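Subject: Structure for your review

Dear colleague,

Please find the structure below, followed by a summary of what was found in it.

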Amino acid sequence: MNNTAASPMSAATSSSGRSTGKSISFTAELQSMMFSLGDARRPLHETAVLVEDVVHTQLINLLQQAAEVSQLRGARVISAEDLLFLMRKDKKKLRRLLKYMFFRDYKSKIVKGIDEDDLLEDKLSGSNNVNKRQKIAQDFLNSIDQTGELLAMFEDDEIDEVKQERMERAERQTRVMDSAQYAEFCESRHLSFSKKGSKFRDWLDCGSMEIKPNVVAMEILAYLAYETVAQLVDLALLVRQDMVTKAGDPFSHAISATFIQYHNSAESTAACGVEAHSDAIQPSHIREAVRRYGHKIGPLSPFTSAYRRNGMAFLAC
Amino acid sequence: MASAPHTPPTQPQLHSRWLFPPFPTSQLPTVSPSPMEEETYLELYLDQCSTQDALTPSRSPLLSPAVPYDVDMLTSSNPETAFNPQLEEVTETYGSFSAVDLSLLPDELSQENKDQTVIRSKNEIEENCKNQSWQTRLPLSSRMDTGLALNSSSGSSSHSRLHPADGNSAQSSPEKPHSLPLASITPMTPMAPISECSGIVPQLQNIVSTVNLACKLDLKKIALHAKNAEYNPKRFAAVIMRIREPRTTALIFSSGKMVCTGAKSEEQSRLAARKYARVVQKLGFPARFLDFTIQNMVASCDVRFPISLEGLVLTHQQFSSYEPELFPGLIYRMVKPRIVLLIFVSGKVVLTGAKKRSDIYEAFENIYPILKGFKKA
């Protein structure tokens, strides 16, 4: 799989050249999304721009890889199976995706039962739609599963720690809100890429691709985009937490040099008179988070670069 | 009504009933039902009195669901419309309600309050129930004159409708005040409504039912001759027929099976299904009306306070799913009864998946204290 080894920083510089011509921007939506995921009440515009770049680059890369996979199997559209195939390595994220797909099926089943018009519509459209996403996922994983561990995920009932942490964070965030603020928070939680289907498609420039994704694949892509933003916010919050040197922290001397450099650059901009919002996530946090995520640390890391995939580490899969 | 201290009609009558309960351990909550139901509930209460007098005055009779006074009953037309047509149908026994009541009993309440709670919770569940199980306990005995003021004037019509053979109630009212066993009764002060009971009744929005007409049907013929019928065999293999009263839609299949949706009560659904069956009959098919079953009931209500869904999904993880990007409501899968509730931030609750009305009421009573715990200040 050939990839341009595009790290977000270089992508930022290159796409900023492109972005002047790019008319579609999700910055405002991203700001709301970041608020709903744990950022401050008014996330910084610069942070949102950076996040948008990161997500965009990663999704474009993902799409390209998916297109290659579907070409490999001779299909004419990018379908859910290709994306599931790309995600096969990371069990936890794959499980989260599967749960999302099942929830989508379940929700449409329930909502259909409530409104009689919906019921008729569904019957008229030739109902093979019940649990269609679940069927797709099950069939596909069945076909690629060699060791049985993928299929075991369907019965798996482990708690998803990342999701748990996100829920707890949301609960902590909302505990102190009054009902007006809470209403705003809920509104911003409803935002997603799947609601802006056509804008999302254009943003990813699907029109100019040879092999286009189908409906279910677009749903999954929207979900992956949202997951990327969520992961970025999670990691950035961790980074920010690390930056605060706690008294008595035995490892404060071991903070990496690049880390401190970013921290200092943030401070220097503040010294230059730019008002840095103390609560909001700074672009430096995001950059550090991506750097850490992509940085493979391990006992064999000096020797594995030849085998390592030459590409960015996908946050969503 | 010459009952001395607390004379006049409807509501104060009920207060008087409190003050002179037939036995020391029973408490009656404040109620304000519409006059008609009031009488029926009255019947029930008196019925209970009669049975309880027969038993030793212990706690247990209170658990027998015979006191369906409405607590804070909202002036909804639903109960009345649901009530009347179903007078003839006795579908459920008491047993199920006792089970429900016990599960709602909070432990820390005092005995008094406990009784009230029991009664009140029963009321909540039963007030609109279609099962007229109390009718099995008719006729009322002569123990009517146990100290209750009857509003016979306003209730006589309903009396006659419900209990044609029972003239006791009307007769005993004048003499009632005089036979009050005052000495043995300690006057109780009116109780404030207990917070555990919601006082909210979910309103039915949609009922889906099926019935078997038990004969093969020629859908083309039906579509051609019936008014308000659609048939597009390429899209869907059934005739879609609609009637205006009750406003419903039916899917009629060539096998003779029919699905009826859109009714707002069980009776309406049955009535609509019969109307569709009659239409089919008039077209010349030997339609029957077999196995009418309610498949799904949907109800909705409003608890009228904002709810913290994040907190709810965290504490009730095994029952709830909440993905705000996909759907603004939290989906709560209650195990007993097996009902799915959609809970929204605004406080609106939609209940679905029920086959019986009592399931809906039970589910709502179960969820209400939970929701109150997550009330967003």
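This is a predicted model: local features need pLDDT of at least 70, side-chain atom pairs count only at pLDDT 80 or more; totals for chains, interfaces and linings use all residues.

Residues are numbered from 1 along each chain as its sequence is written, chains are lettered from A and ligands numbered from 1 in the order in which they are written, and side-chain values use heavy atoms, leaving out hydrogens and water.

Strand E6 (residues 290-302) and strand E10 (residues 348-354) of chain B run antiparallel and are joined by five bridges. (Strands are DSSP runs of E, at least two residues, and helices are runs of H or I, at least four, numbered from the N terminus; two strands pair if DSSP finds at least two bridges between them.) Both belong to an open sheet of ten strands in chain B, with antiparallel pairing and the order E2-E3-E4-E5-E1-E6-E10-E9-E8-E7. Its edge strands are E2 (229-231) and E7 (320-321), each pairing on one side only.

Turning to the interface, the contact (heavy atoms within 4.5 Å) takes 37 residues from chain B and 34 residues from chain A. B:Glu310, B:Glu325 and B:Leu326 supply 22% of the area that chain B buries against chain A, more than any other three residues. (Buried area is the accessible area, with a 1.4 Å probe, that two parts lose on being put together, summed over both.)

The rule finds two salt bridges across this interface, where a side-chain nitrogen of Lys or Arg lies within 4 Å of a carboxyl oxygen of Asp or Glu. A:Lys163 forms a salt bridge with B:Glu323, with the closest N and O atoms 3.6 Å apart.

Yours sincerely
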